[in-house]
Amino acid sequence: MTATLGTLAWLFAVVCFGAIIPIVPTGAAVSGATALAFHEGRPVTMVFVVAAGAAGAYAGDLVMYAMCRFGGEQLARRLRWLRDEEHLAAVKERLKAKQVSVLLVSRLIPGGRVPVLLAAAFAGITWETFVVANLPACALWSAVYAAIGLAGGSLFPQPWQGVLAAVIVILIVNQALTWWNKRRQPTST
């Protein structure tokens, strides 16, 4: 039990850190932990993995949003978060129309969360709105990646095979979505 709690604490820390410094593959961490939990044979552990992943994502998003709100565009430029101002303006417009749904979807799209957090902060979305809207987004995100890990864990007899399969699937999906998004963007002439 102590090992499980320690693992869940590490998962929370990794996901929280990855939400603040978006180079850590947080989805793969949740998927891998779920695949390992599946092989333990205790279904309740998988529920705790989803909860730890969602809590880490939520805490990290709150820190990131606070940095965006209080640091402003100057901090975003310094940290190289602000790269495409036209895209940021379009996201601001979508946020004005549909705050909750845009926040929800941004968590699921690779590379979509940071621009939406920036746009929300720069557009002045209130803390109350962000705190409420981001909670289901983080829970859904964690559940989706846990489902990928569950699939990987259930398809393979060894835990490491399930973890590896889950990580590979996530990397392939992330790359495919990134490629698709780049193809959809109009080229500037």
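Modeller: Happy to, and please keep in mind that this is a predicted model. In helix α7, the buried residues include Phe130, Ala133, Asn134, Ala137, Cys138 and Trp141. Further along α7, Ser142, Tyr145, Ala146, Gly149, Gly152 and Gly153 are buried too.

Colleague: How many helices and how many strands are there in the protein chain?

Modeller: Reading from the N terminus, the elements run α-α-α-α-α-α-α-α. The count for the protein chain is therefore 8 helices and 0 strands.

Colleague: What share of the 189 residues in the protein chain is buried? And among contacts between residues at least 6 apart in sequence, what share joins residues at least 24 apart?

Modeller: Buried here is under 20% relative accessible area, and by that cut-off the buried share of the 189 residues is 38%. For the contacts between residues at least 6 apart in sequence, the share joining residues at least 24 apart is 76%.

Colleague: Back to α7: where does the kink lie?

Modeller: Helix α7 covers residues 127-155, which is 29 residues. End to end, from first C-alpha to last, α7 reaches 42 Å, close to the 42 Å expected at 1.5 Å a residue. Even so, α7 has a kink of about 25°, shortly before proline 136, and the residue where that kink lies is asparagine 134.

Colleague: Why is α2 called oblique to α7, and which hand does the crossing have?

Modeller: Helix α2 (residues 26-40) and α7 have axes 7 Å apart and pack at an angle of about 45°. That angle makes α2 oblique to α7. On the α2 side, the contact is made by Thr26, Gly27, Val30, Ser31, Thr34, Ala35, Phe38 and His39. Among the partners on α7 are Trp141, Tyr145, Gly149 and Gly153, and the crossing is right-handed.

Colleague: Which residue with a positive phi follows α2?

Modeller: Helix α2 has 15 residues and reaches 21 Å from its first C-alpha to its last, close to the 21 Å expected at 1.5 Å a residue. Its buried residues include Thr26, Gly27, Val30, Ser31, Thr34 and Ala35. After α2 comes a residue with phi near 85°, and that residue is glycine 41.

Colleague: Now helix α3 (residues 43-78). Is threonine 45 buried or exposed, and which residues does threonine 45 touch?

Modeller: Threonine 45 is found in helix α3. With a relative accessible area of 7%, threonine 45 is buried. Not counting residues up to four places away in sequence, threonine 45 touches Thr4, Ala37 and Glu40.

Colleague: And valine 47, is that buried or exposed?

Modeller: Valine 47 is in helix α3 as well. Valine 47 and alanine 146 are 99 residues apart in sequence and 9.0 Å apart in space, C-alpha to C-alpha. The relative accessible area of valine 47 is 53%, and the cut-off for exposed is over 50%, so valine 47 is exposed.

Colleague: What does methionine 67 count as?

Modeller: Methionine 67 also has its place in helix α3. The C-alpha atoms of methionine 67 and alanine 121, 54 residues apart along the chain, are separated by 8.9 Å. At 26% relative accessibility, methionine 67 counts as partly exposed.

Technical notes:
Residues numbered from 1 in each chain as written. Predicted model: local features only at pLDDT ≥ 70, side-chain atom pairs only at ≥ 80, totals over all residues. Heavy atoms only, no water. Helix = DSSP H or I, 4+ residues; strand = E, 2+ residues; numbered from the N terminus. Expected span 1.5 Å × (residues − 1). Bend = angle between axes of the 7 residues up to and from the residue. Buried < 20%, exposed > 50% of the residue type's maximum accessible area, 1.4 Å probe, protein only. Axes fitted to C-alpha atoms, helices over the stretch in contact; angles between N-to-C directions. Parallel < 35°, antiparallel > 145°, perpendicular 65-115°, else oblique. Left-handed = near helix turned anticlockwise from the far one by under 90°. Contact = heavy atoms within 4.5 Å.
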